[in-house]
Amino acid sequence: MTMNERKTIDLEQGWEFMQKGITKLKNILEGHPEPQFSSEDYMMLYTTIYNMCTQKPPHDYSQQLYDKYRESFEEYITSTVLPSIREKHDEFMLRELVKRWANHKVMVRWLSRFFHYLDRYFIARRSLPPLNEVGLSCFRDLVYLELNGKVRDAVISLIDQEREGEQIDRALLKNVLDIFVEIGMGQMDSYENDFEAAMLIDTSGYYSRKASSWILEDSCPDYMLKAEECLKREKDRVAHYLHSSSEPKLLEKVQHELLTVFANQLLEKEHSGCHALLRDDKVEDLSRMFRLFSKIPRGLDPVSNIFKQHVTAEGTALVKQAEDAANNKKVCICLFVVWEWLQGRVGEVTLATMEESPCVFESCDGGKMLYVLVFVRKVIELHDKYLAYVNDCFQNHTLFHKSLKEAFEVFCNKGVAGSSSAELLATFCDNILKKGGSEKLSDEAIEETLEKVVKLLAYISDKDLFAEFYRKKLARRLLFDKSANDDHERSILTKLKQQCGGQFTSKMEGMVTDLTLAKENQNNFEEYLNSNPNANPGIDLTVTVLTTGFWPSYKSFDLNLPAEMVKCVEVFREFYQTKTKHRKLTWIYSLGTCNLIGKFETRTTELIVTTYQASALLLFNSSDRLSYSEIMTQLNLTDDDVIRLLHSLSCAKYKILNKEPNTKSISPTDHFEFNSKFTDKMRRIKVL
């Protein structure tokens, strides 16, 4: 025999040597006194397998060794592993199982090394299961299939004990459940079918029993606290011992039993449900409610509906309060008139005296009273409050934005005391933007308030109606120099443009532009007068030229102006024709004002009057006494206009004219004289 020739190892001889190594490995695993494998031991065992697999047929024992590899595991499991597990129960069984599984993996690792040559060549060529898989499948077929039911029940029992507050060995459960995962050798079927399905059923039953009890005993906030804590603990269980893939399924079961099943009962609890939480401003509880119900399918629908109902009810209550305030105003005026009648002074009752009465609300421009301002301010506060709820408690969720919008659309489109919401908003803006408004706010507060009003406008269905009211009030502020701040006027127009589009504000922007151009035009007119002394009418004249399409419609009457005023008109017309010949001037006398000097017996007083009033008063420079009909003829006015005009000069607070007979109403038979004895403590008065 040459040196290169190798002695043939027969199967019995070779396997006897391998059995010694396998027995040594078993003793080590069982904890018996046995030295560890040395490198020489490992090489001898590996070489023996190598030699037995590389001998020429019929001495190539690859198949036989592959079979004996399996038989080694089966024999060890049957004789040692199974009996040791079977004799134990519950948690002790679980500990033994974990120990045996750990030992088995060590055994597979070592034997796979000894028999590694099989894996590299024989198994690869025959497409057989690899050694590692064979070793693990032995444990699965002999141990796992027999015991997984008992193991599952023991694990679920421990989980339930922990749910009841008992301390358990979480590391043990983690190791046991890892067996369910690892035994699948890359697949989750064993874990899902043999453990997870039963665990989820048990979870449903457990929380169904708990929920049935809690829903009867606890308030809504207390119930939600428990539900949130349960969900937190279940997530904690996943983090510590359940497989991560169980988390969504586990939480879905808990959420279904605790929230979905009892959603309506929980939300509608009489003294602690969603309505009560909104009513009592329980922000923290509402935030928790959102967090919980956002986790279940369509769980936020009932919450958002209740939110919508609540906001609608609060807004509708504000409308009713405003209606009551308006009705009280009417009653108060009636009582005031009755009181004046009892005092024998009913003839002196005017709008001015009513507004001075302490029992009447302060009046606003256009006859709108304080309740308008209070109402809009309260609506703004309501919107601030519940928008904060949407952004904070309900995490800016679109469903709650939609509910808030729909709720505000309901009551923001209700009228108050015959006035539409569009008119109320316009009146509110006017009060903020005009000089002498009742709300004294800083520039920052005004900007913030205007921003909020524009947000409310989004809920108004008839925005064009708001535009008309706003335009009329803007016109009064601009034409009568009532605007408190030009920057604020431009700012709200910018906000309205962003909210409603450029077309919505085009006329308003045109009005503001007109006023700027009018100032330039007035400067040019004054330069014209300075350079043409003969054209000077002898009266200070300020003319505001407006573009017809931008401004509200105003009635134009053919008022017969006094000669002094006629000259003013003619001078300006001549000036304007030097600037353009393609535009027609239409004079709106109803918007004009005049400053007259009234020379009375006691003192000289400056009178601020309308153009109509000035025209009437100037008639008395050439006549001591005029009849109703003479005044009407000379001024070329209608009966209605003459009655209003003469009433304002002879029956109102400032009696510049004396009337015969001395009654409080105007009739066509009346005669009028200049009241030379008129006196007032002020040297400058507004008769407007």
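Helix H19 (residues 443–457) and helix H21 (residues 486–500) pack against each other at an angle of about 25°, with axes 10 Å apart. H19 and H21 are therefore roughly parallel, a term for angles under 35 degrees. The axes are lines fitted to C-alpha atoms over the stretch in contact, and angles run from 0 to 180 degrees between N-to-C directions. Helices here are DSSP runs (H or I, at least four residues), numbered from the N terminus.

This is a predicted model, where local features need pLDDT of at least 70, side-chain atom pairs count only at pLDDT 80 or more, and totals for chains, interfaces and linings use all residues. Residues are numbered from 1 along each chain as its sequence is written, and side-chain values use heavy atoms, leaving out hydrogens and water.

Now let's look inside. The structure holds two cavities of 30 Å³ or more. On a 1 Å grid over the protein atoms alone, a cavity is a set of points where a 1.4 Å probe fits but cannot get out, and lining residues have an atom within 4 Å of a point. Its volume is the space filled by probe spheres set on the points.

| Cavity | Volume |
|---|---|
| Largest | about 80 Å³ |

The lining of the largest cavity includes Phe 375, Phe 411 and Leu 424. Helices H16 (370–393), H17 (398–412) and H18 (421–433) each supply at least two residues of this lining.

Among the residues around the second largest cavity are Leu 97, Tyr 144 and Phe 180. H6 gives the largest share of that lining, four residues.

Methods
Angles under 35 degrees count as roughly parallel, over 145 as roughly antiparallel, 65 to 115 as roughly perpendicular and the rest as oblique. On a 1 Å grid over the protein atoms alone, a cavity is a set of points where a 1.4 Å probe fits but cannot get out, and a pocket is an open set with protein on both sides within 12 Å along at least five of seven lines; lining residues have an atom within 4 Å of a point.
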